[in-house]
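Please keep the sequence and the model in view while reading.

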Amino acid sequence: MKNIQRHVRTMMVIVAGCIFSTYASAQENFVFWPNADYDPAIPTVEDVLGYPSGDRITWHRDAIRYFEALAEAAPERISVSRYAQSWEGRDLIYVVVTSAENMARIDDIKAGMQRLADPRQTTRAEAEEIIASQPAVTWLSYGVHGNEISSTDAAMLTAYHLLASRGDARVADIMRDTVVVLDPMQNPDGRDRFVHHFEMSEGIVADSNRISAGHDEPWPGGRTNHYLFDLNRDWFILTQPETRGRIRILQEWYPVAYVDAHEMGSDGTYYFAPEAVPYNPHLAADQRASLTLFGRNNARWFDTFGFDYFTREVYDALYPGYGASWPSYFGSIAMTYEQASSRGLVFRQYDGNDLTYRYTVRNHFVTSLGTAETVAVNREKFLTDFYDYQVSAIDEGESDRIRAYILPAQADQAAADKLAGLLVQQGVEVGRATSSFSACGQSYAAGSYVINTGQPAKRLIRTLLDPDVPLEEDFLEEQERRRAKNLPDEIYDVTAWSMPLMMNVRADTCNRAVSERLAVAGPELVQPGTVSGGSGSVAYLVPWGTAPAVRLLANALRQGLAVKSSDKPFTHLGKRYPSGTLIIDRADNPHNLSELVAELAALTGANAVAVDDSWVSDGPNFGSGNVVRFNSPNVAIAWDQPTSPYVAGNTRFVIERQFDFPVTTIRTARIASSDLSLYQVLILPETGRGQDYASVLGEPGIANLKDWVAKGGVLIGIGNANRFLADPNIDLLSIRREDAVVEGDEEKSNGGGGGDGDDESQEPTVPGSYVTEESEYRDLIRPEKGSPDSVAGVLVKADVDPDHWLGAGVASTLNVLVRGSDVYTPIRLDKGVNVARFRAADELLASGYLWDENRQQLAYKPFAVAQRSGRGYVIGFTQDPNVRAYLDGLNVIFMNAIFRGSAHARPVR
């Protein structure tokens with residue numbers, strides 16, 4: 001059966017009354033497993049859906065229909081359960097497949113895994129007794145990226161094979177010694193988006209042409225979910241319903257092995273574990289060693305069938321937010337599998353090979369079975385390792401230099417509350433002090449959170465809360481070597497993700513466990529706010545600077561309440577209020593204002609203070625010119641090309657779902673000819689690779705934007721959108737993007753530089769030179785001009801100007817995720833204000849690995865810039881403040897740009 005997929009012919013298949021193209025092998029029936037003998041009582045995909053496995057790309061609804069048909073045919077061996085619902089209303093399911101004997105005691109099996117997960121409740125002897133009779137749980141997840149299509153159909157085939165096969169000797173062992181859990185479609189919204197586009201593009205022949213419409217997804221593509229999130233980066237921040245449901249259900253089952261089945265570029269082969277370096281240092285040694293067991297077994301089957309594969313390249317195990325990483329931190333062996341994608345029914349690879357959808361489905365099917373087989377063969381070892389993982393985690397947590405993290409009661413208590421709730425949702429034990437206490441020389445108030453590391457989740461705690469997770473030295477040396485040769489680095493994703501830094505939460509460490517009276521903290525992310533003070537006969541004050549205060553403002557404006565805000569701090573009855581504080585006057589609002597404010601506080605988590613007089617002892621009075629009245633701005637965001645789907649979607653999500661304020665999406669090309677006067681705020685997200693706003697908007701669009709801003713609009717640029725705003729030919733923002741600093745150019749001799757200078761370019765030869773040292777050689781081959789080297793993702797510190805309204809209520813220091821190569825000049829004082837600028841080079845880096853040249857060049861450069869333009873404003877964020885919706889510490893400054901920006905603009909009303 002080797003390579004039989006390479007010789008294909010076209011045939012037709014009728015599905016639901018429609019004729020579609022498909023492919024069949026040179027043989028009449030494509031072979032997924034040799035010499036297979038299947039029970040006819042178990043329905044095939046063709047029996048239920050009308051086409052053989054791999055002949056069509058299955059819709060979400062049809063995949064569920066097939067699994068339900070299997071459950072109806074063999075209810076004693078398979079069950080189907082719903083664990084979440086997508087934003088677009090599609091159910092996410094998991095499917096349990098095991099022997100009838102195991103299914104009859106499935107609750108006991110789950111309870112056994114939960115007992116093994118906590119050695120404080122389960123002795124070694126009790127654990128050994130459980131392990132003796134406990135099947136191990138294997139979790140196979142498919143299709144987290146909606147356009148990585150083959151794995152869902154492979155999941156259907158895997159379930160069928162386990163239920164129906166009578167010729168595969170492994171199946172009986174798998175069904176007896178494991179419980180196989182299939183998560184067949186982690187991203188149904190993205191998948192159906194892809195399938196819809198693909199079927200719209202189909203003709204009478206399945207087209208393998210690389211540039212055919214079926215292989216060229218329109219914006220935003222099917223990779224992401226409804227809000228255009230990469231769900232494979234959401235695992236510890238839990239912003240999306242798909243992820244929250246998955247995290248919850250995994251902690252019921254505790255699989256010993258977890259596979260995340262993906263697709264990669266269409267010209268590749270197949271990738272499986274072991275992962276590439278670097279590994280996260282908080283992984284256990286036996287987890288890394290066990291990866292080889294899975295890799296060797298998969299390799300054995302691929303060798304048998306003649307399939308190509310590779311290991312230990314590209315896909316690393318550093319970042320804990322992958323599906324192939326996060327389960328590791330409760331003790332699972334987590335892995336990524338990657339199949340070259342046909343992105344349709346057939347794709348012509350670079351060497352002329354036609355890669356068929358059936359072939360991609362089969363490869364994932366083979367590794368799915370191989371993974372379950374590996375768990376079955378190593379059942380006792382993996383269960384023992386799982387238990388030992390918890391034991392060693394507790395031991396390490398009780399002996400490491402960090403034995404407790406403490407989140408003190410702090411100014412932004414809502415951020416600390418959210419961080420604690422996110423940890424609890426991920427299985428971390430968090431306590432909350434019921435009274436004040438002292439630890440490691442510090443005093444802490446009641447309400448402080450305590451996370452002792454002597455618990456099974458110790459490794460997760462450290463990888464999420466440590467300020468920095470170091471990379472292996474030899475790996476870094478190799479990256480510097482590659483960079484010196486202008487080779488791309490091998491850093492796959494960000495190198496910084498410390499949750500306290502990203503959320504701007506103070507997190508102290510202590511070298512002893514904290515044993516003071518602690519209440520068990522719950523999973524709630526928002527604590528209800530309160531209203532204190534007097535009767536509110538004059539006004540209600542809401543201190544600014546927290547996400548709940550922003551949510552209260554957004555909801556108040558949507559309800560039509562009149563809200564003001566002070567640009568400067570003030571003191572009222574001895575209490576100091578920060579700049580940005582909301583003032584909700586009773587005289588300007590409905591008679592039931594007290595009830596409305598109380599409801600808003602409870603809903604949003606904001607705390608309000610009722611005041612019975614307006615006298616302030618310091619700072620501006622409530623009627624001062626330094627107090628502005630909010631309007632309820634109509635907010636629009638550029639949508640479709642050239643925007644990056646991630647940045648556009650994440651930004652929209654932050655505004656709509658984290659702050660409850662609606663956003664209008666406008667296709668970017670429509671900006672050129674549309675009446676923008678309906679909107680007070682327009683956001684230009686970062687652009688996708690090779691895309692730019694100027695070519696999409698054209699001269700009419702640029703003119704329309706300039707006119708709209710001049711008349712009072714607030715234009716916000718995110719990330720590399722500032723290339724457009726700062727372009728000298730457009731000049732909406734008076735900053736400029738910098739080239740890389742090239743030291744020593746002024747000392748370079750006329751004979752050096754490789755002969756590319758303007759004066760030399762017309763000459764057939766250049767003056768000769770002696771090169772006596774390697775450093776001189778490196779100077780000669782260095783590019784004369786170019787961008788700074790690209791940064792994978794690090795957290796750096798930025799200082800905030802408190803005197804500008806954009807910085808009102810914002811923390812004095814922010815932690816900004818820097819990615820890419822863009823660096824911008826500061827804006828001059830006569831043009832605007834650098835509201836947030838990066839720190840000095842020696843104080844800049846907060847977490848991660850940053851090239852030294854970038855560290856020096858970023859120093860004192862702007863993160864947030866505000867420039868008055870006519871009656872409006874242009875605001876530039878040189879890095880994306882909404883990345884993956886996990887930079888909560890940047891929420892206030894970004895929402896200031898929207899709400900305070902529109903309040904400070906002066907359109908003719």
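Which residues does Phe 899 touch, not counting residues up to four places away in sequence? Phe 899 touches Val 550, Leu 553, Ala 554, Leu 557, Phe 630, Pro 633 and Phe 661, where contact means heavy atoms within 4.5 Å. This is a predicted model, in which local features need pLDDT of at least 70 and side-chain atom pairs count only at pLDDT 80 or more, while totals for chains, interfaces and linings use all residues. Residues are numbered from 1 along each chain as its sequence is written, and side-chain values use heavy atoms, leaving out hydrogens and water.

**Nonpolar cores**
- The largest nonpolar core has 237 residues, and Phe 899 is among the members that touch the most others, together with Phe 236, Trp 253, Ile 683, Ile 716, Tyr 886 and Ile 898.
- A second, separate core of 27 residues includes Leu 682 and Tyr 693.
- Such a core is a set of buried (under 20% relative accessible area, 1.4 Å probe, protein chains only) Ala, Val, Leu, Ile, Met, Phe, Trp, Tyr and Cys residues joined through side-chain atoms within 4.5 Å.

**Overall form**
- Of the 909 residues, 60% count as buried.
- The C-alpha atoms fill a box of roughly 85 × 80 × 65 Å along the principal axes.

- Strands pair if DSSP finds at least two bridges between them; S14 (residues 404-407) and S18 (residues 449-452) pair over 4 bridges.
- Tyr 405 has Ile 451 in S18 as its bridge partner.

Terms used:
Buried < 20%, exposed > 50% of the residue type's maximum accessible area, 1.4 Å probe, protein only. Helix = DSSP H or I, 4+ residues; strand = E, 2+ residues; numbered from the N terminus.
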